[in-house]
Amino acid sequence: KAFKSEIILYGNDRVLNEIGENSQYSLNSFAFLKFIKNNSKTLTNTKLSEEKFLKEMSKKLTAQTETGNPTVKVKYSNSNKTEAENFSKEYHILAQNYLADKKNSYLNSQLKLLDEQYKFISKNTDIRTTKDPLTDTLVSRLSYYRLLKNDSSPVIKYINSTTKPSLNKKLVLAAALFVGLFLGIFAAFVKDFSNTLDWKDIKSKK
């Protein structure tokens with residue numbers, strides 16, 4: 001018996017787009033699956049080798065988004081109901097930490113570069129009075145990235161999650177074939193039986 005979990009998240013696209021991360025791509029990447037293997041406290045298959053873990057999880061776990069929609073729909077399957085439910089609750093924490101690391105890494109590198117450029121220009125130019133558009137852009141980007149760096153809002157936010165038994169496709173197909181076969185035999189029986197009846201004699205007796 002298998003169970004399927006659906007986890008709904010809400011991505012902060014303003015930040016994600018700025019740091020060059022796409023929710024669907026990032027949360028389906030091998031890099032994120034490796035992060036899960038190293039940090040999950042609820043999964044039991046983290047003891048597998050990295051190759052086997054990645055192969056197994058890439059089949060069990062998928063994230064989907066629609067263009068222009070910050071909502072992320074994550075689907076996860078597991079034969080153990082308790083593990084499926086626990087991982088559903090843990091998943092958004094793992095996703096948030098992973099993307100937060102990506103955010104901090106990107107912003108740290110950009111702020112270092114912009115700070116160096118700002119210091120260099122400051123030595124030769126009065127930034128407060130200059131009308132150079134490149135300098136204005138530099139100051140603007142530096143201020144914006146500092147704002148993003150200090151923003152404590154989550155990069156991705158948990159909305160809800162549900163875990164339900166998943167239907168076995170083979171059993172559903174077998175049941176459908178059985179019902180179809182039964183109805184076919186029943187219909188043929190009714191047809192053959194009706195052919196043996198004398199409908200004129202039946203009508204005359206009414």
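Colleague: Which side chain meets E56 in a salt bridge, and at what distance?

Modeller: Start with the rule. A salt bridge is a side-chain nitrogen of Lys or Arg within 4 Å of a carboxyl oxygen of Asp or Glu. Here the side chain of E56 meets K60, at 3.2 Å from N to O. Before we go on, this is a predicted model: local features need pLDDT of at least 70, side-chain atom pairs count only at pLDDT 80 or more, and totals for chains, interfaces and linings use all residues. Residues are numbered from 1 along each chain as its sequence is written, and side-chain values use heavy atoms, with hydrogens and water left out.

Colleague: Where do E56 and K60 lie, and how many residues apart are they?

Modeller: Both sit in helix 4, residues 50–60. Helices (H or I, at least four residues) and strands (E, at least two) are DSSP runs, numbered from the N terminus. E56 and K60 are 4 residues apart, so about one helical turn separates them.

Colleague: How many salt bridges does the structure hold?

Modeller: There are 5. One of them joins E18 to R141, with the closest N and O atoms 2.4 Å apart. E18 is in helix 1 (residues 13–18) and R141 is in helix 6, so this pair ties together parts 123 residues apart in sequence. R141 has a relative accessible area of 30%, which makes it partly exposed. Another salt bridge pairs R146 with D115, at 3.0 Å from N to O. It links distant parts of the chain: R146 belongs to helix 6 and D115 to helix 5, 31 residues apart. R146 is partly exposed at 41%. D115 is partly exposed at 23%.

Colleague: At what angle do the axes of helix 5 and helix 6 cross?

Modeller: Axes are lines fitted to C-alpha atoms, for helices over the stretch in contact, and angles run from 0 to 180 degrees between N-to-C directions. The axes of helix 5 and helix 6 (residues 133–150) cross at roughly 145° and come within 9 Å.

Colleague: Which residues make that helix contact?

Modeller: Contact means heavy atoms within 4.5 Å. From helix 5, the residues include Y106, L107, L111, L114 and D115; from helix 6, they include L138, V139, L142, Y145 and R146. By class, this contact has 11 nonpolar, 5 polar and 5 charged residues. The classes work like this: Ala, Val, Leu, Ile, Met, Phe, Trp, Tyr, Cys and Pro are nonpolar, Asp, Glu, Lys and Arg are charged, and the others, Gly among them, are polar.

Colleague: On to the sheet. What is the strand order?

Modeller: Strands of a sheet pair through backbone hydrogen bonds, either parallel or antiparallel. Two strands count as paired if DSSP finds at least two bridges between them. This open sheet has 4 strands in the order 2-3-1-4, with antiparallel pairing. Strand 2 (61–65) and strand 4 (156–166) are at the edges with a single partner strand each, so one side of each has no neighbour in the sheet. On average, neighbouring strands are turned by 20° against each other, direction ignored. Helix 5 (residues 81–124) lies across strands 1, 2, 3 and 4, at about 160° to strand 4.

Colleague: How many bridges join strand 1 to strand 3?

Modeller: 8 bridges join strand 1 (residues 2–11) to strand 3 (residues 71–78). F3 stands opposite N78, and K4 has S77 as its bridge partner. Strand 3 also pairs with strand 2, over 5 antiparallel bridges. Those two form a hairpin with 5 residues between them, and G68 in the turn has a positive phi of about 80°.

Colleague: Which residues are on the covered face of strand 3?

Modeller: In a regular strand the side chains alternate between the two faces of the sheet. In strand 3 the covered face holds V72, V74, Y76 and N78, while T71, K73, K75 and S77 are on the uncovered one.

Colleague: Is F3 buried or exposed?

Modeller: F3 is buried, at 10% relative accessibility. It lies in strand 1. Its contacts beyond four places in sequence include Y76, N78, T163 and P165. F3 and P165 are 162 residues apart in sequence, yet 4.3 Å apart in space, C-alpha to C-alpha.

How values were computed: Buried < 20%, exposed > 50% of the residue type's maximum accessible area, 1.4 Å probe, protein only.
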